[in-house]
Amino acid sequence: MELMDIIKARKSVRKYRQEPIPREDIIKCIEAARLAPSAENVQPWRFIVIDDPEIKKEFVKETCSGIYKPSSFIKNAAAIIVIVAKLDLVANFLGKGIQGTSYYLIDIGITGEHLVLRAQELGIGTCWIGWFNSKKAKNFFKLSPRHKVVSLISMGYPAPGGTKSKRDLDLDDILFFNKDTKGI
Ligand SMILES: Cc1cc2nc3c(=O)[nH]c(=O)nc-3n(C[C@H](O)[C@H](O)[C@H](O)COP(=O)(O)O)c2cc1C
C-alpha cells in the first residue's frame with residue numbers, strides 16, 4: 001500500500017472487535033515507532049504494551065474514571081500502548097530551558113504516529129488518548145519522577161461505527177509560501 005493511501009485511510013477508531021492482536025503485529029508497530037527521529041537522537045520513548053485483559057481492566061479503571069471517563073472506551077481495545085517519555089535527557093533541558101520547546105513531546109508525537117500508521121497498514125485501528133490520568137498511570141507502573149506518561153494509544157480491529165467523520169482544514173487554510181502569511 002502507498003504511504004498516502006495509509007495516511008488517508010487512518011481514522012481514530014473507538015469501537016473494536018473482541019479479537020486479540022497477535023503480539024508479533026504489535027511488535028511490528030513498535031518497530032516502526034523505534035525508527036522515528038528525535039531531537040539530538042535521544043529517543044526518549046519507552047512503550048508499555050497492556051494486552052492482558054485483567055491488567056487492562058485495572059489500568060482503565062485507574063486512569064480513565066471521573067473526569068477521564070470519556071476515554072474508558074479503551075477498555076474494549078485489544079491492547080493499550082502506554083507511551084512513556086524519559087525526562088532526564090539533555091535535549092529536554094536544552095529544549096525547554098533555552099528554546100522554550102519541550103522537544104520530547106514532539107518526539108513522542110512522531111514515534112506514536114509511526115506506530116499508528118504501521119498499525120493502519122496491518123489493518124489495526126488505533127486511537128491516540130491524551131485525556132487520561134497521567135499521574136495515576138505513572139503510579140500504576142511505579143515509574144520514577146524522571147518519567148512521564150505522555151499518551152496512550154488504543155489498538156484493536158475496527159468494529160462498525162467506530163469512526164467519526166471530520167472536516168480537515170483545506171490546504172489554503174494551512175499553507176503559506178515565503179512572506180505571504182496573511183497573518184496566519
Ligand atoms: C495528542 C492527541 C490526543 C488525543 N486524545 C484523544 C482522547 O483522549 N480521546 C479521544 O477519543 N480521542 C483523542 N484523540 C483523537 C482525536 O480526537 C482525533 O485524532 C481527531 O478528532 C481527528 O480525527 P481522526 O483521528 O479520525 O482523523 C487524540 C488525538 C491526538 C493526536
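**Exercise 1.** Find which strand gives the largest share of the shell around the ligand, and then sort the shell by residue type.

*Solution.* The largest share, three residues, comes from strand E3 (residues 125-129), where strands (E, at least two residues) and helices (H or I, at least four) are DSSP runs numbered from the N terminus. This is a predicted model, in which local features need pLDDT of at least 70, side-chain atom pairs count only at pLDDT 80 or more, and totals for chains, interfaces and linings use all residues. Residues are numbered from 1 along each chain as its sequence is written. Next, list the shell: the ligand is surrounded by Lys-11, Ser-12, Arg-14, Ser-71, Cys-127, Trp-128, Ile-129, Gly-130, Trp-131, Ser-151 and Lys-166. Finally, sort these residues, which divide into four nonpolar, four polar and three charged, where Ala, Val, Leu, Ile, Met, Phe, Trp, Tyr, Cys and Pro count as nonpolar, Asp, Glu, Lys and Arg as charged, and the others, Gly among them, as polar.

**Exercise 2.** Check the span of helix H5 (residues 103-121), and say what follows H5.

*Solution.* Begin with the expected span, which is 1.5 Å times one less than the number of residues; for the 19 residues of H5 this should be 27 Å, and the end C-alpha atoms are 27 Å apart, which agrees. Then move past the helix, where H5 is followed by Gly-123, whose phi is positive, near 80°.

Conventions
A residue is near a molecule or strand if its C-beta atom, placed from the backbone, lies within 6 Å of it.
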